[in-house]
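Here's a quick briefing to read alongside the model.

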Amino acid sequence: MQKYVLGLVLSLGLSSACAADQPNIVYILADDLGYGDVQCLNPERGKIETPRMDRLAAQGMVFTDAHSSSAVCTPTRYGILTGRYNWRTHLQTFVLLGYSKPLIDRRRVTIADYLKSQGYNTAAIGKWHLGLDLPTSDGMPAEASGSNVDWNGIIADSPIHHGFDYFYGISASLDMPPYIYIENDRFVGECTVQKSFWKNRMGFAHADFEAVDVLPEIGRKTTDYIARQKADNPFFVYVPLTSPHSPISVAAQWQGKSGMGEYGDFVMQTDHVIGEIADAIDAAGLAKNTIFVVTSDNGCSANPSGADALQAKGHFSSAQYRGFKSDLWEGGHRVPFIVRWPNVVEPGTQSDQTICLTDLMATCSDIVGVDYPQTEGVDSVSFLPALKGMSISSTRNGVVHHSISGHFSYRQGKWKLLLAKASGGWSSPRENQAAKLDAPVAQLYDMENDPEETNNLYASRPEVGARLLELLEADVARGRSTEGASESNDVDQIKLWKSGAK
């Protein structure tokens, strides 16, 4: 009921005339793009050319301390759209698959719900990966194999049921079937064949669907959507790309361009598509009052990218930071974050303030000037002041990091506590390896003096570790990390320690 009341309540706070003055918002979410893969963020150890993202950074602001809410994709997407940490849901580890049920409760207010209530046109174009309520031939939930999916049926829970007026994209990653486009609440055609684009991920596919076509298609659909918008009505388009996530599917014209292997080529193609979307905004005459955000759902994935080979050539996808996608170490969740907004943001500026991808909800609310219900966006803080060159005013004590295996970390100021013996993810040493080495039960780093996370201070600064743990426990128990009345998590117990320490 709450979501349906939202439109009535919030719309009273903004007239249609005011709505026309609000900025457009284009939010591009790359998939597994490392902080160091953007050359302007990693000038000394970044060897892949990214001229379009570099140009956007020169035209706007770079955040050097931005973090995804998780070190893997589904959880981060949940956080972006709801302003709420994923581990407050039943998804405590790993990610959803292509046939999974929806993670976002239909009653939960998303950023698209909020902006739609404020007069925005809303669209999502690209990789959803938050679950769908798929039609089936037997009325039962979709099988993990997709064998009972009705390709001609109506999808009962899709992005258009979470505030988006329009959706075009795919269910999940390109290494997860089904391999077919979805438009709004219908499949575009039928899956009549079996295909695999990555290792042994064979599954149902449309006969004409090819992984190499998906990134360009997302770019085309997005630029077409922008071209159809009117200057007197603001719009929000969320563009979750499929790249440079595996499978590494490089279009012919980009093959060999980087000199850094297929991954480098795919990053360059990703950069090009981002540039095409920026060009569409410019061509429509909308650049000055459009907030254009480029970020990533987590860090670079070490194995598909061929991190060792890249490093041998002098390219470090995590820049100076330790770890990769899936990890609690910085390489898992410190992400590129570039904002161009000519009406507000000074070109060529930089912010070193800590932000999280859950912060979109509060930031948009701050921009529009209308609050959302206090029960929503419980882990979201506005970074609008930073865009204006000022300090962020936050009621959140710190930022929570989360790994693929459900390990927790807490960052406050220069201090970072990791409730893990090692990476907490796929990087070596993993937790079982660290246990054999008799590693300390947790890690504590001074991120100002040791951003590479090499000197564990957990034993020598126990008072700092204890203080951060107390703050983390409070943020979990209260059901929110921002100021306001306590809320409920979706699960009764959330296990902070995976190592048996508690």
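Start with helix H4 (residues 73–82): ten of its ten residues are buried, so the rest of the structure largely encloses this helix. Buried here means under 20% relative accessible area, with exposed being over 50% and partly exposed in between (1.4 Å probe, protein chains only). Helices (H or I, at least four residues) and strands (E, at least two) are DSSP runs, numbered from the N terminus.

Some ground rules: this is a predicted model, where local features need pLDDT of at least 70, side-chain atom pairs count only at pLDDT 80 or more, and totals for chains, interfaces and linings use all residues. Residues are numbered from 1 along each chain as its sequence is written, and side-chain values use heavy atoms, with hydrogens and water left out.

**Around H4**
- The buried residues of H4 are Cys-73, Thr-74, Pro-75, Thr-76, Arg-77, Tyr-78, Gly-79, Ile-80, Leu-81 and Thr-82.
- They pack against strand E1 (24–30), helix H5 (111–117), strand E4 (121–127), strand E10 (235–240) and helix H11 (360–368), where contact means heavy atoms within 4.5 Å.
- Just after H4 comes Gly-83, with a positive phi of about 70°.

**H7 and its two partners**
- Two packed helices are described by the angle between their axes and the distance between the axes.
- Axes are lines fitted to C-alpha atoms, for helices over the stretch in contact, and angles run from 0 to 180 degrees between N-to-C directions.
- Helix H6 (residues 214–228) and helix H7 (residues 261–283) have axes that come within 9 Å and cross at roughly 10°.
- H6 and H7 are therefore roughly parallel to each other; the cut-offs are under 35 degrees for roughly parallel, over 145 for roughly antiparallel, 65 to 115 for roughly perpendicular, and oblique for the rest.
- On the H6 side the contact uses Leu-215, Pro-216, Gly-219, Thr-222, Thr-223 and Ile-226, while H7 brings residues including Phe-266, Val-273, Ile-277 and Ile-281.
- By class, this H6 and H7 contact has eight nonpolar, five polar and one charged residues, with Ala, Val, Leu, Ile, Met, Phe, Trp, Tyr, Cys and Pro counted as nonpolar, Asp, Glu, Lys and Arg as charged, and the others, Gly among them, as polar.
- Helix H3 (residues 51–59) also packs with H7, at an angle of about 45° and with the axes 7 Å apart, and H3 and H7 are therefore oblique to each other.
- Pro-51, Arg-52, Met-53 and Leu-56 of H3 meet Asp-271, Ile-274, Gly-275, Glu-276, Ala-278 and Asp-279 of H7; that contact has five nonpolar, one polar and four charged residues.
- In H3, Arg-52, Met-53, Asp-54, Leu-56 and Ala-57 are buried, and their cover includes strand E2 (61–63), H7, strand E11 (290–296) and strand E12 (337–340).

**Leu-132**
- Leu-132 sits in the loop between E4 and strand E5 (166–170), and counts as buried at 3% relative accessibility.
- Not counting residues up to four places away in sequence, Leu-132 touches Ser-100, Lys-101, Pro-102, Ile-155, Asp-157, Ser-158, Pro-159, Ser-171 and Ile-182.

**The whole chain**
- The chain's secondary structure comes to 14 helices and 18 strands.
- Buried residues make up 61% of the 502 residues.
- Of the contacts with a separation of 6 or more, 72% are between residues 24 or more positions apart.
- The C-alpha atoms fill a box of roughly 60 × 50 × 50 Å, taken along the principal axes.
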